[in-house]
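This report describes the fold of one protein chain and then turns to selected residues. The sequence and the structure are shown below.

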Amino acid sequence: MIITDTFSLRPRYSDVDQMGYVYHANHVSFCHQARTELMRKMNIHDKAVEDKGIMMPVIDFNIKYKNPAFYDDEIFITTTISEMPKTRLKFSFELKDPEGKLLSKAESTVVFVKTETRYPMIVPDFVVDAISKFAVGSL
């Protein structure tokens, strides 16, 4: 099972540092935005999950920077889910410029916790069902 989605954005002036590069921490924010948009397409975005008394904290985030990104240059962020989650939901990201040059690669892992107790839980059935339906529909 592989689910892939591409989201694009243009860095704002406030996203760049003194050197004119997109500030490194903003790559993390861009990945989070792309992850949220993919989840929204599956109807399991943050708000829908939180309305069910569940939160999705990030427990791991790794990134490798390859080339700089610049103000107002379109960035394409490809988000991939390559395995059905059991206790963790893993995402991989590739940020590229319009010519396909790799800007950065990242991986992120979220877990599901009950809002009231903050205790971890297995991935809820509605998440597994949504991912399964989306994976079938995207083939």
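The protein chain contains 3 helices and 7 strands, where helices (H or I, at least four residues) and strands (E, at least two) are DSSP runs numbered from the N terminus. Read from the N terminus, the order of elements is β-α-α-β-β-β-β-β-β-α. The radius of gyration of the protein chain is 16 Å, close to the 14 Å that the globule rule gives for 139 residues, so the chain is as compact as a globular protein of that length. That radius is taken over C-alpha atoms, and the globule rule is 2.2 Å times the number of residues to the power 0.38.

The model is predicted: local features need pLDDT of at least 70 and side-chain atom pairs count only at pLDDT 80 or more, while totals for chains, interfaces and linings use all residues. Residues are numbered from 1 along each chain as its sequence is written, and side-chain values use heavy atoms, with hydrogens and water left out.

## Overall dimensions and surface

Along its principal axes, the C-alpha trace of the protein chain spans about 45 × 35 × 20 Å. Of the 139 residues, 37% count as buried; buried means under 20% relative accessible area, exposed over 50%, and partly exposed in between, with a 1.4 Å probe and protein chains only. The accessible surface of the chain comes to about 8,300 Å², of which carbon and sulfur atoms hold 51%. Such areas come from the Shrake-Rupley method with a 1.4 Å probe, and for residues only the protein chains shown count as cover.

Among contacts between residues at least 6 apart in sequence, 66% join residues at least 24 apart.

The chain carries 18 positive and 19 negative charges, whose mean positions are 5 Å apart. In this count Lys and Arg are positive and Asp and Glu negative, whereas His and the chain ends are not counted. Each charge is placed at NZ of Lys, CZ of Arg, CG of Asp or CD of Glu.

## Buried residues

| Residue | Relative accessibility | Class |
|---|---|---|
| H27 | 3% | buried |
| R35 | 3% | buried |
| V22 | 6% | buried |
| V127 | 0% | buried |

Helix α1 spans residues 24-41 and includes H27; R35 is found in helix α1 as well. The side chain of H27 makes a polar contact with the side chain of S104 at 2.9 Å. A polar contact is a pair of N or O atoms within 3.5 Å; within protein, one must be able to donate a hydrogen and the other to accept it, and residues adjacent in sequence count only if both atoms are side-chain atoms. Leaving out residues up to four places away in sequence, H27 touches V22, I63, Y65, L95 and S104.

With sequence neighbours within four places set aside, R35 is in contact with D46, M56, V58, T79, F91, F93, S108 and V110.

V22 sits in the loop between β1 (3-9) and α1. Its contacts, not counting residues up to four places away in sequence, are P11, D15, V16, H27, F30, A69 and F70. The C-alpha atoms of V22 and P11 are separated by 7.1 Å, although these residues are 11 apart along the chain.

V127 belongs to helix α3, residues 125-137. Apart from neighbours within four places in sequence, V127 is in contact with I44 and F112. The C-alpha atoms of V127 and P85 are 8.8 Å apart, with 42 residues of separation along the chain.

## Loop residues with positive phi

Which backbone angle marks D72, given that it is not a glycine? D72 has a positive phi of about 65°. This residue lies in the loop between β3 (58-65) and β4 (75-81), and at 39% relative accessibility D72 counts as partly exposed.

R118 also is not a glycine and has a positive phi of about 65°. R118 is found in the loop between β6 (102-114) and β7 (120-121) and is exposed, with a relative accessible area of 56%. The side chain of R118 reaches the backbone oxygen of T115 at 3.2 Å. Not counting residues up to four places away in sequence, R118 touches M55 and V113. The C-alpha atoms of R118 and N43, 75 residues apart along the chain, are separated by 23 Å.

Note on methods:
Contact means heavy atoms within 4.5 Å.
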